[in-house]
Amino acid sequence: MIYLDNAATALIRPDCVSKAVCSALNSLGNPGRGAHEAALNAARTVHIARHRLAKLFNAENPSSIAFTSNATEALNMAIFGLFGPGDGIITTAAEHNSVLRPLHLLSLAGAEVSYIPAGKDGVPIYSAVTSMIKANTKAVITTHASNVTGNIADLASISEICRQNGLLLIVDGAQSAGCMNVDVQGSGIDVFCFTGHKGLMGPQGTGGVYVRPGIKIRPLKSGGSGIHSYDPLHPSVMPDALEAGTLNCHGIAGLSAAADFISSEGIARISQKEAALADMLYNELCSVPNIKIYGQFGGIKRAPIISLNIDSLDSGYVCEILSEKYNIAARGGAHCAPMLHKALGTVKQGAVRLSFGYFNTVADVQAAADALRSIAARC
């Protein structure tokens, strides 16, 4: 199978990831829940993983990283842990439902949510942000890279607006972590939510949240922590504040190995290879009759994602043909981004998304291009 659905989850991972998980399954106890070797090994594994991710994202210190089960949990932590009734939050029409749905629930409780509109190319109109700021506005929440178009947010402009107006900047890094350079300090990011199973090439069920020192997030859950057991309240210090209960140490061991692999390969090398594959597919298809490709192109830095449609064919039907006839894994449908599809005009049709990972090849691109041209030729 030619796997081109890396924006959903990585399938081909470095060998070190599976080896780390298998080793952890038979050697790790519960971190912070004992002084025996198995518990200490687990604590060391989690500690090393924090250090590796903090280095990868240029965080101030490892304790700024708390582990979660995925980016969705991290975003829920940030949204429900920082805001409440009466607060104003600005977000974009390019967001995934992991942002839109928690914000909708928050709005039902009395928060005021405003949406930066997106143009026909799916790119949010960031110049509208300043005019949307009100007295009750607390934050801007934006995806770092669209999971549909691959377009990257203008973090420099958004960060400067947030700084000038005393707003928090919360970034959904589900499609950027591991695929491109993430510098939370240099980009002025206050909260960065990420998942471990996509660009980071770690196991499913892993992820985390970076919280800038000085920001306090109300815990989404409380319970066992391994420390302060006689205190009726959950510890408020990071990262324990956001890590109630037993961590997925086996998954974290795999994520740690993946982060080490990415650092050793070099994020620039990974980003360049993945981007080159996506650009190659775009160049193969951009002039093919009956194929429409969405997003901004032309030398613009992007996530390794190409979304398209063929004539009026349903995107799910195209993906079915790709799978059954050509053994190519892609994804059709709405991709959990309803507002973006409204902007693109693809609500009914959805979009065929092909997304690249570090282990994809030029041959994969050529096979996908040939298959899509063949399908388009029959329209």
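Q: Is the crossing in which H3 passes H4 left-handed or right-handed?
A: A word on the source first: this is a predicted model, where local features need pLDDT of at least 70, side-chain atom pairs count only at pLDDT 80 or more, and totals for chains, interfaces and linings use all residues. Residues are numbered from 1 along each chain as its sequence is written, and side-chain values use heavy atoms, leaving out hydrogens and water. A crossing is called left-handed if the near helix is turned anticlockwise from the far one by less than a right angle, and right-handed if clockwise. The way H3 passes H4 is right-handed.

Q: How are the directions of H3 and H4 related?
A: Helices (H or I, at least four residues) and strands (E, at least two) are DSSP runs, numbered from the N terminus. The axes, lines fitted to C-alpha atoms over the stretch in contact, with angles from 0 to 180 degrees between N-to-C directions, come within 9 Å for H3 (residues 71–82) and H4 (residues 97–108) and cross at roughly 30 degrees. Angles under 35 degrees count as roughly parallel, over 145 as roughly antiparallel, 65 to 115 as roughly perpendicular and the rest as oblique. H3 is therefore, relative to H4, roughly parallel.

Q: How many salt bridges does a search of the whole structure find?
A: Side chains of opposite charge can pair when their charged atoms come close. Here a salt bridge means a side-chain nitrogen of Lys or Arg within 4 Å of a carboxyl oxygen of Asp or Glu. Searching the whole structure gives a total of 11.

Q: Which residue forms a salt bridge with Glu112?
A: The closest N and O atoms of this pair are 2.5 Å apart. Glu112 is in strand S4 (residues 112–116), and its partner, 22 residues apart, is in the loop between helix H5 (129–132) and strand S5 (137–143). That partner is Lys134.

Q: Is Arg163 buried or exposed?
A: Arg163 forms a salt bridge with Glu160 at 2.6 Å, and both lie in helix H6 (residues 155–165), about one turn of the helix apart. Buried means under 20% relative accessible area, exposed over 50%, and partly exposed in between (1.4 Å probe, protein chains only). Glu160, at 32%, is partly exposed. Arg163 has 58%, so this residue counts as exposed.

Q: Which residues are linked with Asp370 in a network of salt bridges?
A: Two of the side chains meet at 2.8 Å, N to O. One is in helix H11 (residues 362–377) and the other in helix H8 (residues 267–285), 89 residues apart. The network joins Asp370 with Glu284 and Arg373.

Q: Why does the pair of Phe57 and Phe192 count as edge-to-face?
A: Rings of Phe, Tyr and Trp (its six-membered ring) pair if their centres lie within 6.5 Å; planes under 30 degrees apart count as stacked, over 60 as edge-to-face and the rest as tilted. Phe57 is in helix H2 (residues 37–57) and Phe192 in strand S7 (residues 191–195). Their ring centres are 5.2 Å apart, and the pair is edge-to-face because their planes lie at 65 degrees.

Q: Over the face of which residue does Lys273 lie?
A: A charge sits over a ring if NZ of Lys or CZ of Arg is within 6 Å of the ring centre and within 35 degrees of the ring normal. Lys273 is at 4.9 Å from the ring centre of Tyr358.
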